[in-house]
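Visitor: I have a protein model to look at, and I want to know what the words used for it really mean. Can you walk me through them?

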Amino acid sequence: MSLALRTLQRAGRGSLTARNAEYLLATGGQLVDVRSPDDFRRGALPGARNLPLDALAYDCDYLDKTEPVILYGSQDVACARAAGLLAGKGFKRIYHLAGADD
């Protein structure tokens, strides 16, 4: 198990399959791409918001803390760091979309 996934699980966060993510998104979930703006422009999942890891610390005010946040990016470590930042800001339901960057 990777360090990033252990970090997500230890903080009460989990990894999602595409099917689980679809359900959460259909019921108010928020999809956040933590990659760079250039990577986001090259291709992103439909409905995703781009919040690169370096901007997430100060630019997440428009995310709803009461709804699930689904993170994805090109590195599990970036998603784990993003989950930690969001948890520190009071977000409770934070998930990592498994395989989104494959």
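Guide: What follows is a short tour in questions and answers.

Guide: This is a predicted model, with local features needing pLDDT of at least 70, side-chain atom pairs counting only at pLDDT 80 or more, and totals for chains, interfaces and linings using all residues. Residues are numbered from 1 along each chain as its sequence is written, and side-chain values use heavy atoms, with hydrogens and water left out.

Visitor: What makes up the secondary structure of the protein?

Guide: There are 5 helices and 5 strands. Helices are DSSP runs of H or I with at least four residues, strands are runs of E with at least two, and both are numbered from the N terminus. Along the sequence the pattern reads α-β-α-β-α-β-α-β-α-β.

Visitor: Why is the pair Arg-35 and Asp-33 called a salt bridge?

Guide: The term asks for a side-chain nitrogen of Lys or Arg within 4 Å of a carboxyl oxygen of Asp or Glu. In Arg-35 and Asp-33 the closest N and O atoms are 2.7 Å apart. That is within 4 Å, so the pair counts. By this rule the count comes to 4 salt bridges.

Visitor: Why can such side chains pair at all?

Guide: Side chains of opposite charge can pair when their charged atoms come close.

Visitor: How do you know whether Arg-35 is buried or exposed?

Guide: Buried means under 20% relative accessible area, exposed means over 50%, and partly exposed lies in between (1.4 Å probe, protein chains only). Arg-35 has 15%, so it is buried. Asp-33 has 0%, so it is buried too. Of the 102 residues of the protein, 36% count as buried.

Visitor: What makes Arg-41 and Asp-38 a salt bridge?

Guide: Their closest N and O atoms are 2.4 Å apart. That meets the rule, so the name applies. Arg-41 and Asp-38 are 3 residues apart in helix 3 (residues 37-42), which means about one helical turn separates them. Arg-41 is exposed because its relative accessibility is 62%. Asp-38 is at 42%, so it counts as partly exposed.

Visitor: Which residue meets Arg-42 in a salt bridge?

Guide: Asp-39 does, at 2.5 Å from N to O. Arg-42 and Asp-39 also sit in helix 3, 3 residues apart, so about one helical turn lies between them. Arg-42 has 65% relative accessible area, so it is exposed. Asp-39 has 27%, so it is partly exposed.

Visitor: Why is Gln-30 called buried?

Guide: Gln-30 has a relative accessible area of 11%, so it falls on the buried side of the cut-off. Gln-30 is found in strand 2 (residues 30-33).

Visitor: What does Gln-30 touch?

Guide: Contact means heavy atoms within 4.5 Å. Not counting residues up to four places away in sequence, the partners of Gln-30 include Leu-25, Tyr-62, Asp-64 and Ile-70. A polar atom of the Gln-30 side chain lies 2.7 Å from the backbone nitrogen of Asp-64.

Visitor: How confident is the predictor in the protein?

Guide: The score is pLDDT, the predictor's confidence in each residue, from 0 to 100. Its mean here is 81, and 80% of the residues reach 70 or more. Confidence is highest in helix 3, at a mean of 95, and lowest in helix 1 (residues 3-10), at 43. Over residues 1-12 the pLDDT is below 50. Where pLDDT is low, the predicted coordinates should not be read in detail.

Key
A polar contact is a pair of N or O atoms within 3.5 Å; within protein, one must be able to donate a hydrogen and the other to accept it, and residues adjacent in sequence count only if both atoms are side-chain atoms.
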